[in-house]
Amino acid sequence: LSGGGSRFMRAADGTLGPAHSPMILPPVPVKRPKPAKKAKKAVVFFEVEILDAKTKDKLCFLDKVRPPPRVCVHPQWYPARQSIRLDPKGKSLKDEDVLQQLPVGTTATFYFRDLGAQISWVTVFLTEYTGPLIIYLLFYFRVPFIYAPKYDFTTSKHWVVHLACMCHSFHYVKRLLETLFVHRFSHGTMPLRNIFKNCTYYWGFAAWMAYYINHPLYTPPMYGEQQVTIALMIFLFCQIGNFSIHIALRNLRPPGSKTRKIPYPTKNPFTWVFLLVSCPNYTYELGSWLGFTMMTQCLPVAFFTFVGFVQMTVWAKGKHRSYLKEFRDYPTLRSPILPFIL
């Protein structure tokens with residue numbers, strides 16, 4: 001029987017009763033385990049003491065320094081003027097150095113040194129290279145008050161003088177363009193006093209060389225055209241090589257970074273000298289001035305080449321030592337500036 005939507009079944013005694021149907025229970029909520037809380041990293045605080053590198057006077061003491069800090073000892077001076085170092089006579093720490101990775105404990109002592117007024121490398125290079133370019137041309141055109149009045153604005157009768165002017169101008173125009181479009185500097189500034197020292201060196205030698213090369217009594221090289229031609233080939237070859245090395249070094253450092261990598265030869269044959277030399281840009285620079293010396297056969301040029309070679313050797317040895325210290329796999333066959341010699 002059925003009625004009202006209910007179901008009944010007859011029991012054994014003949015009575016009717018409701019039929020048993022399966023009981024539907026509501027779903028029991030399952031409690032999900034709460035995610036475990038991330039353990040908080042312990043924060044290490046540092047105590048930083050900064051002393052004057054010369055007098056050892058305490059300049060400041062920073063308590064509970066939480067890395068990474070940015071310390072400016074003298075706020076009235078821009079950061080490029082301030083040098084922070086671990087030792088009074090040691091090297092300045094780099095901007096990318098991290099406090100936790102330095103060989104200091106939680107109590108660190110640093111030394112401050114004022115580097116003096118700073119100026120950008122680009123400004124220094126543009127100034128010191130523009131000077132020789134202009135100064136040499138003043139002597140080449142024999143402007144008044146340089147030689148005797150009768151020689152004012154006259155030109156030399158020797159074609160090697162004109163060739164030397166073109167080579168000298170080409171060299172410094174190349175340097176100016178490389179400063180603007182090729183070089184990527186690891187340091188943004190240098191001491192302001194260096195611009196006076198550098199300009200005295202470049203400008204002074206340019207005037208000394210130009211005075212004798214463009215002098216009305218100048219005599220051409222001993223072996224004439226053959227000597228000049230060979231010298232010109234050496235000069236141009238080394239100028240191309242120098243430019244090729246600068247491009248290769250530029251490509252090692254991404255824009256805006258201070259990344260240092262081991263330079264290796266590229267597909268450009270002029271870079272193959274990297275197999276034997278750590279600083280081939282100096283090697284090619286030396287070759288350029290040797291060619292210019294041979295071309296002009298002028299004693300001031302030879303002296304300038306010698307002084308430049310001594311200075312470039314110092315720079316090359318410094319970079320070579322830096323490479324060996326920084327890179328364990330640096331090629332040991334390389335020499336600083338001259339293959340197998342120096």
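One cavity of 30 Å³ or more is present in this predicted model, a cavity being, on a 1 Å grid over the protein atoms alone, a set of points where a 1.4 Å probe fits but cannot get out. The largest cavity has a volume of about 40 Å³, where volume denotes the space filled by probe spheres set on grid points that are joined across faces, edges and corners. Its lining, made up of residues with an atom within 4 Å of a point, consists of Tyr-140, Arg-142, Thr-154, Thr-155, Ser-156, Val-161, His-162 and Asn-214. These lining residues comprise two nonpolar, five polar and one charged, with Ala, Val, Leu, Ile, Met, Phe, Trp, Tyr, Cys and Pro taken as nonpolar, Asp, Glu, Lys and Arg as charged, and the others, Gly among them, as polar. Residues are numbered from 1 along each chain as its sequence is written, and side-chain values use heavy atoms, with hydrogens and water left out. Since this is a predicted model, local features need pLDDT of at least 70 and side-chain atom pairs count only at pLDDT 80 or more, whereas totals for chains, interfaces and linings use all residues.

In the strand region, where strands (E, at least two residues) and helices (H or I, at least four) are DSSP runs numbered from the N terminus, strand β7 (residues 107-114) pairs with β4 and with β6, pairing being assigned if DSSP finds at least two bridges between two strands. Strand β4 (residues 46-52) runs parallel to β7 and is joined to β7 by six bridges, with Glu-49 standing opposite Thr-109. Strand β6 (residues 82-85), by contrast, is antiparallel to β7 over four bridges, and Ser-83 has Arg-113 of β7 as its bridge partner. Leu-62 belongs to strand β5 (residues 58-65), and the C-alpha atom of Leu-62 is separated by 9.9 Å from that of Thr-107, although these residues are 45 residues apart along the chain. Leu-62 is classed as partly exposed because its relative accessible area is 28%, the classes being buried under 20%, exposed over 50% and partly exposed in between (1.4 Å probe, protein chains only).

For the transmembrane region, an unreviewed UniProt entry lists residues 119-139, 198-218, 230-249, 270-292 and 298-316; such annotations may be inferred rather than shown by experiment. Over residues 119-139 the model is 90% helix and 10% strand, and the end C-alpha atoms lie 30 Å apart, while residues 298-316 are 95% helix and 0% strand, with end C-alpha atoms 27 Å apart. Val-301, a residue of helix α6, is buried, with a relative accessible area of 0%. The C-alpha atoms of Val-301 and Trp-208 are separated by 8.4 Å, the two residues being 93 residues apart along the chain.

The structure holds 27 aromatic pairs, counted where the ring centres of Phe, Tyr and Trp (its six-membered ring) lie within 6.5 Å, with planes under 30 degrees apart termed stacked, over 60 edge-to-face and the rest tilted. One of these pairs, formed by Tyr-323 and Phe-327, is tilted, at 6.3 Å centre to centre and 35° between the planes, and both Tyr-323 and Phe-327 are buried.

Positive phi values in residues other than glycine include those of Phe-145, near 75°, and Phe-340, near 65°. Phe-145 lies in the loop between α1 (121-140) and α2 (159-181) and is exposed, with a relative accessible area of 84%. Phe-340, found in the segment after α6 (299-326), is likewise exposed, with a relative accessible area of 61%.

Key: On a 1 Å grid over the protein atoms alone, a cavity is a set of points where a 1.4 Å probe fits but cannot get out, and a pocket is an open set with protein on both sides within 12 Å along at least five of seven lines; lining residues have an atom within 4 Å of a point.
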